[in-house]
Amino acid sequence: MIDGVTILTLFVLAAFVGVEVVSKVSSTLHTPLMSGANAIHGIILVGSIAVTAPAQDWALIAVGVLAVVLATMNLVGGFVVTDRMLEMFSANRPTARPEREPVTGGQSR
Amino acid sequence: MNLLPPALAALGYLVAAVLFILALKGLASPRTARRGNALGALGAAIAVVVVLLSTDFHGANLIIVLVAIAIGLVVAVPAARSVRMTDMPQLVALFNGVGGGAAALVGIVELAEWSGATPSVATTATAFGVLVGSLSFSGSIVTFLKLQGLMTSRPVVAPAAPVLMALSLLAGLGLAAAVALTGNVWVGVGAALLGAVLGVLLVLPVGGADVPIVISLLNALTGLAVAASGWAMGNTLLLVAGTLVGASGTILTLAMATAMGRSVSGIMFGALRGGSTAGSTTVSDRPVRRASADDVAITLAYARRVVIVPGYGLAVAQAQHAVAELVTVLRARSVDAVYGIHPVAGRMPGHMNVLLAEANVPYELLIEAEDLNPTMPSTDVVVVVGANDVVNPAARTDPSAPIYGMPIINADEAGQVIFLKRSMRPGFAGIENELLFSPKTQVLFGDAKTSLRAVLTALKEV
């Protein structure tokens, strides 16, 4: 266990960093940024694993396992869906356009 | 397994924490966003390997945990891969909710393992994590139901809602205090249940248009719940990562609210105070000038400058490819056609950019509202596709309107306005749009995709 003051120090410093890194973000990126931050708090998976590991009572194991499943969904799903959003942005570059153009063209009559 | 000594494990967590900071930093800029996200995923992978290697597992718990991770993967990855971009906001809400739920469950397991711990900072942090995590879980589920259309997107105000809310809040805080003092697991379960009730009560009165801001707020709250778990367990990574998300999520929530010209307290409690998000749901029967697809095609073909304003209706109709084709055809006829993108077009800030990027629309043609408005008086035609509130002049002229003060696209200053609409139903804000009844406005009724296809066909014959 770490002492309270060290933890408080970490908390305050992390809060400042969190504010600092996202200030001045264009509104275009609000959605992917929210989604990315959403994925990061899926790291509760580490906590879920840590509390499930020593459990002996079957009821506690069950609750811990549920936490692990939910946290994995948050963590992995969050990063995958954010990547899909951002993939759209980069598919937008001129180099990637010609391959997709026939698809759009094919829909016209 | 106990292969990693604690000092090495702590180092591994430090690396992961730094990667998370770099991830957020990268996500804040378009050029580095994708790499940022990948760095975050790498940090998460390192952290999970570290915890698996450095923890003592009792009995078969390692296998059980690995199976649980596999189940989570099997559920989440296909969902995240196959979700339609229009449905993405509710999936983000769902992922946020399950994260909050996990934080609450972790707190409950901890309380059970401590079995009646003495009051300390750790029990206080656990009480906070249980209450807030479970609030975030149930609140996110309600936002999911609202966005998925499984319940009304209008504000729902229960009778005596303010009293009910105040009582639940007091009871929730009381139970959390009891958890902090006794460390009793059953009191913890009670706090979790009250947190869930609070989450539902908090989100029900929020109107559909404001739901994205609430998702962002709940996201910040889940971050804080995770930070509290880290505090309770003495795990620096959970503490730092959770705090990062809590702080950046709060800033992001404020930035989104500013982009929509709303205040966070107005969004959360406006409907309770009897008004600001509750709008009319009545369908107006005032006459509008109807146009046919041919009329629209002729108007567009002989215009010099056309601005397309896409909204959520375009996303629902999956019409992003049709609208992209319309702009291509118009530009080929040397009409200066561009897109006018309102910051909150779609369901989340930036959502419309994602949808149009999916249809390969070049970035240069997407003009943001503030750059667009000075050119409006010299614009011949504005085509509003499935949008309403973002071009409603009431935001400038009517101080009693719920959207008053929200920056809008000044479509009313253009020569002509064409609305492609499904019906006369008002937008998310639930208010009538005077622009629809203006003499310079024509309305083409129908599904956005069908209407656009009809206009495209008609354009070929002009």
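So, which way does H5(B) pass H6(B), in a right-handed or a left-handed crossing? Right-handed, as it turns out. Before I go on, keep in mind that this is a predicted model.

Let's stay with that helix pair for a moment. H5 covers residues 121-147 of chain B, and H6 covers residues 161-182 of chain B. They pack at an angle of about 145°, and their axes are 8 Å apart. Who's touching whom? On the H5(B) side you've got Thr123(B), Thr124(B), Ala127(B) and Leu131(B). From H6(B) come Gly172(B), Leu173(B), Ala176(B), Val179(B) and Ala180(B). Sort those by class and you get 6 nonpolar residues, 3 polar ones and no charged ones.

Okay, now on to the two chains. Chain B puts 102 residues into the contact, and chain A puts in 80. Together they bury about 8500 Å², with 76% of that on carbon and sulfur atoms. Three residues to look for on your screen are Arg34(B), Trp231(B) and Asn360(B): they supply 8% of the area chain B buries against chain A, more than any other three residues.

Arg34(B) comes up again, by the way. Its side chain meets that of Glu87(A) in a salt bridge, at 3.9 Å from N to O. The count between the chains is 2 salt bridges, and there are 15 residue pairs in polar contact across the interface.

By class, the side of chain B that touches chain A has 65 nonpolar, 26 polar and 11 charged residues.

Conventions
Residues are numbered from 1 along each chain as its sequence is written. Chains are lettered from A and ligands numbered from 1 in the order in which they are written. This is a predicted model: local features need pLDDT of at least 70, side-chain atom pairs count only at pLDDT 80 or more; totals for chains, interfaces and linings use all residues. Side-chain values use heavy atoms; hydrogens and water are left out. Axes are lines fitted to C-alpha atoms, for helices over the stretch in contact, and angles run from 0 to 180 degrees between N-to-C directions. Helices (H or I, at least four residues) and strands (E, at least two) are DSSP runs, numbered from the N terminus. A crossing is left-handed if the near helix is turned anticlockwise from the far one by less than a right angle, and right-handed if clockwise. Contact means heavy atoms within 4.5 Å. Ala, Val, Leu, Ile, Met, Phe, Trp, Tyr, Cys and Pro count as nonpolar, Asp, Glu, Lys and Arg as charged, and the others, Gly among them, as polar. Buried area is the accessible area (1.4 Å probe) that two parts lose on being put together, summed over both. A salt bridge is a side-chain nitrogen of Lys or Arg within 4 Å of a carboxyl oxygen of Asp or Glu. A polar contact is a pair of N or O atoms within 3.5 Å; within protein, one must be able to donate a hydrogen and the other to accept it, and residues adjacent in sequence count only if both atoms are side-chain atoms.
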